[in-house]
Amino acid sequence: MCRTLLVSILILLLGCQPSPSIEDSLKLYVMDCGELGFADISLFSVSNDETAVRTMFVPCYLIDHPEGTLLWDAGLDPALVGKGRHSENGMYQVYEKSVMDQVREIGHAPDEINLMALSHMHFDHTGSANYFPNVRLLIQREEHDAAFNDPEENPIFDYALYKELIDNPKMILDGDHDVFGDGKVMIISAPGHTPGHQVLFVDLPETGPLVLSGDLYHFRLSRAEKRVPTFNTDKKQTLAAMEKVENFVAEKGATFWIEHDLALAKTLRKSPDYYR
């Protein structure tokens, strides 16, 4: 009888344990998902004599929230991993460790990640999308239509890199979206670079508010002077998105990370370390 009573008390106590708080469990992991190099950067509306920067960081990010895990951007094609520098058409790509392996290093299996949101569907942001089989994709309606219905009309989309997601559950967005319903992780619609480009806001307990740029900008000069790449789908939309996001950053007092900024990336803590 005493043993039964003890077990009952333990069950009651365990059942009353508080759920993990945001302060205890919200984390942002920065993952190195490759590097891009360009001989000519004029397509970004930055002339070759305006900056010496020719190399871009390619990140992936994992947000670990009490209500789920969100992969933001999926890097380069993992077929490149460990094969050194791959050069083609004046551009090179390098990828050393797959995002799947980096996810495993922090205790998650790729098939356990339940949400994926890509800033947009260009090849350097979708490379490993097929390798996360159980995700629900959060995507703007215009991006979904372009990527899944008309990929051939968007020459920098590579349908093969994300085609396995065609039957995955999706949340089709028509603007900004609060991912977990608590204001801590928000997708902000910022079209123009592609039809449904988006950026990500994360409000971390210790680091504070942070905005991940997607490809709203590629260079610091792009941000300073609002340069719009020649290959963006809509210049007017891009400029409006820049204004919207900059106002949002100011309103939130957020830090802004240009995702492709290699100099910035070198200063960041990389997974398996994290930001809290």
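Modeller: One term before we start: a residue counts as exposed when its relative accessible area is over 50%, and as buried when that area is under 20%. Also, this is a predicted model.

Biologist: OK. Where does that put Asp 174, buried or exposed?

Modeller: Asp 174 has a relative accessible area of 58%, so it is exposed.

Biologist: And which residue does Asp 174 meet in a salt bridge?

Modeller: Arg 141, with N and O 2.8 Å apart. Arg 141 is partly exposed, at 38%.

Biologist: How many salt bridges are there in total?

Modeller: The count is 10.

Biologist: Which residue pairs with Asp 101?

Modeller: Arg 104 does, and the closest N and O atoms are 2.7 Å apart. Both residues lie in helix H3 (residues 99–105). They are three residues apart, about one turn of the helix. Asp 101 is partly exposed at 37%, and Arg 104 is partly exposed at 46%.

Biologist: What about Asp 203 and Lys 184, how far apart are N and O there?

Modeller: That salt bridge has an N to O distance of 3.8 Å. Asp 203 is in strand E11 (residues 198–204) and Lys 184 is in the loop between E9 and strand E10, so the pair ties together parts 19 residues apart in sequence. Asp 203 has a relative accessible area of 23%, and Lys 184 has 24%. There is also a network: salt bridges with shared partners join Glu 50, Glu 225 and Arg 227.

Biologist: Switching to Lys 170. Where is it?

Modeller: Lys 170 is in strand E8 (residues 170–173). Lys 170 is buried, yet it has no salt bridge.

Biologist: Which side chain of opposite charge is nearest to Lys 170?

Modeller: Asp 167, but it is 6.3 Å away.

Biologist: Then which backbone oxygens does the Lys 170 side chain reach?

Modeller: The side chain reaches the backbone oxygen of Ile 166 at 2.7 Å. It also reaches the backbone oxygen of Asn 168 at 3.1 Å. Leaving out residues up to four places away in sequence, Lys 170 touches Arg 136, Leu 137, His 144, Phe 148 and Leu 165.

Biologist: Now the cysteines. Which ones form a disulfide?

Modeller: Cys 33 and Cys 60, with their sulfur atoms 2.1 Å apart. The pair links distant parts of the chain, strand E1 (residues 27–38) and strand E2 (residues 55–65). Cys 33 and Cys 60 are 27 residues apart. The count for the model is one disulfide.

Biologist: Are those two buried or exposed, and what's the handedness?

Modeller: Cys 33 and Cys 60 are both buried. The S-S torsion is about -130°, so the disulfide is left-handed.

Biologist: Last thing, the overall fold. How many helices and strands are there?

Modeller: The protein chain has eight helices and 13 strands. Its radius of gyration is 20 Å, close to the 19 Å that the globule rule gives for 276 residues, so the chain is as compact as a globular protein of that length. Buried residues make up 52% of the chain.

Methods: Residues are numbered from 1 along each chain as its sequence is written. This is a predicted model: local features need pLDDT of at least 70, side-chain atom pairs count only at pLDDT 80 or more; totals for chains, interfaces and linings use all residues. Side-chain values use heavy atoms; hydrogens and water are left out. Helices (H or I, at least four residues) and strands (E, at least two) are DSSP runs, numbered from the N terminus. Buried means under 20% relative accessible area, exposed over 50%, partly exposed in between (1.4 Å probe, protein chains only). Lys and Arg count as positive and Asp and Glu as negative; His and the chain ends are not counted. A salt bridge is a side-chain nitrogen of Lys or Arg within 4 Å of a carboxyl oxygen of Asp or Glu. A polar contact is a pair of N or O atoms within 3.5 Å; within protein, one must be able to donate a hydrogen and the other to accept it, and residues adjacent in sequence count only if both atoms are side-chain atoms. Contact means heavy atoms within 4.5 Å. A disulfide is a pair of cysteine sulfur atoms within 2.5 Å. The radius of gyration is taken over C-alpha atoms; the globule rule is 2.2 Å times the number of residues to the power 0.38.
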